[in-house]
Amino acid sequence: MSDDELVDSLDTIHQALQTLTAAQLHLIREIDGRGLPIAQHASSTAVWLRERHRISIHAAKRLADLARAVDERAALDTALIAGAVNAEQATVIATTVRDLPADLGADLVDEAEAVLIGQAEQFEPTILRKAGQRILAHVAPEIADARDAAALQWQEARAWQTRAFQLTRLGDGRVRVTGWLDEVGAATVNAALDPLCAPRHDDDEPRTPGQRRADALVEVCDLATRTEQLPDNGGQRPHVTVTVPFELLEQQFGIGVLDTGGRLSPTQVRQLACDAQIIPAVLDGDGQVLDLGRTRRLITGSLRRALELRDRGCAFPGCDRPPRWCDGHHIQSWADGGPTSLHNSVLLCRYHHRIIHRGQWTVRLCVEDGRPEFIPPAYVDPRQRPRRNPYHHRT
């Protein structure tokens, strides 16, 4: 056979299969109408087909449903017999027509069916299904608009009613975040997170997109707790409480305990202590508070303003985070006796604050001009040449 003969034969067999399918559906509908499956003690026509022809229940149910559909829709039956639509397309068309509004009117239903049969010549079932989702707008745009508005109103009400946000501690140092937002809430969250999700201007961004979004969420909440706009919580401004014996904090191996019950490593505790309220407390052997001192804010007020004027944002090389996203970091840890002063402080964003506390990079102030400079680890620069961040000081 030539190439053309092969293709023509395939097309002929395909069309014949659709005609045979139409005949098969007629027989199934007649058998169903006579009640033969029930008379032979099958629970349904689909079950009877499954047992008789040894096909899956899903395939049997599709045949039974399509048999009823073509029995009710003469135009669809004719198209299937003629091979103008195949069985999959016929199922899509039948389902679409069935789901049209009950009060649409027979003429508009017939028009919708005819349009879809015509489109079956060029669209496979998946695309035809998408076209069917818009068929109401084609035959009755005013009804489609009203239906869409009602559907959107229902969706919005459901989204608002079922909105939720959960933090689930897994007990292994991780906390799972799950929840649901409505469209407006999701857009608001995206607007807040997107500017913080962009890759940093470092030589190599090690974070995945998911990690960047997680960091952005924490940064937004951190910024919110720095403002005066949040309502009080139990008579106090919103805060995170970490409890750790001060002697252990000084020795750099104290494990901190959050007010949520979570545990923090010594490195995380010392990072938080860089720019936090320290409340000295004297406890007895049973953990009862005997004396509670006053809070001491480490880097605040005029010192914080001076630090922002000097660094103008995160001082780590390549970072573009502005001051409001930054912590005040003690170059020599306050727990190690480092003074709370401008010459012992540097602004760092939350991400680079963690990097510094890992101990691979070090920071110092240049003797000549008092500006921060960072010494990279040897694997970044074997010569460990000091680096600066010129981003915030461009003229």
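Visitor: Is Arg-364 buried, exposed or partly exposed in this model?

Guide: This is a predicted model, and in it Arg-364 counts as partly exposed, at 38% relative accessibility.

Visitor: Which residue forms a salt bridge with Arg-364?

Guide: To read a salt bridge, look for a side-chain nitrogen of Lys or Arg within 4 Å of a carboxyl oxygen of Asp or Glu. Here Glu-373 pairs with Arg-364, and their closest N and O atoms are 2.7 Å apart. Glu-373 counts as buried, at 11% relative accessibility.

Visitor: How many salt bridges does the count come to?

Guide: The count comes to 21 salt bridges. Another one to find joins Asp-215 and Arg-207, with the closest N and O atoms 2.9 Å apart. Asp-215 is buried at a relative accessible area of 19%, and Arg-207 is buried at 7%.

Visitor: Where in the chain do Arg-321 and Glu-219 lie?

Guide: These two form a salt bridge, their closest N and O atoms being 3.3 Å apart. The pair links distant parts of the chain: Glu-219 sits in helix α12 (residues 209-226), while Arg-321 is 102 residues away, in the loop between α15 (301-311) and β10 (326-330). Arg-321 is buried, with a relative accessible area of 5%, and Glu-219 counts as buried at 4%.

Visitor: Now for cysteines. How many disulfides does the structure hold?

Guide: For a disulfide, two cysteine sulfur atoms must be within 2.5 Å. The structure holds 0 disulfides. Take Cys-326: its closest cysteine sulfur, in Cys-314, is 5.1 Å away, so the two are too far apart for a bond. For Cys-349 the closest cysteine sulfur is also in Cys-314, at 3.8 Å, again too far for a bond. Cys-326 counts as buried at 0% relative accessibility, and Cys-349 is likewise buried at 0%.

Visitor: What is the place of Gly-33?

Guide: Gly-33 is in helix α1, which covers residues 3-34. Gly-33 is exposed, with a relative accessible area of 61%. Its C-alpha atom is separated by 9.7 Å from that of Arg-68, a residue 35 residues apart along the chain.

Technical notes
Residues numbered from 1 in each chain as written. Predicted model: local features only at pLDDT ≥ 70, side-chain atom pairs only at ≥ 80, totals over all residues. Heavy atoms only, no water. Helix = DSSP H or I, 4+ residues; strand = E, 2+ residues; numbered from the N terminus. Buried < 20%, exposed > 50% of the residue type's maximum accessible area, 1.4 Å probe, protein only.
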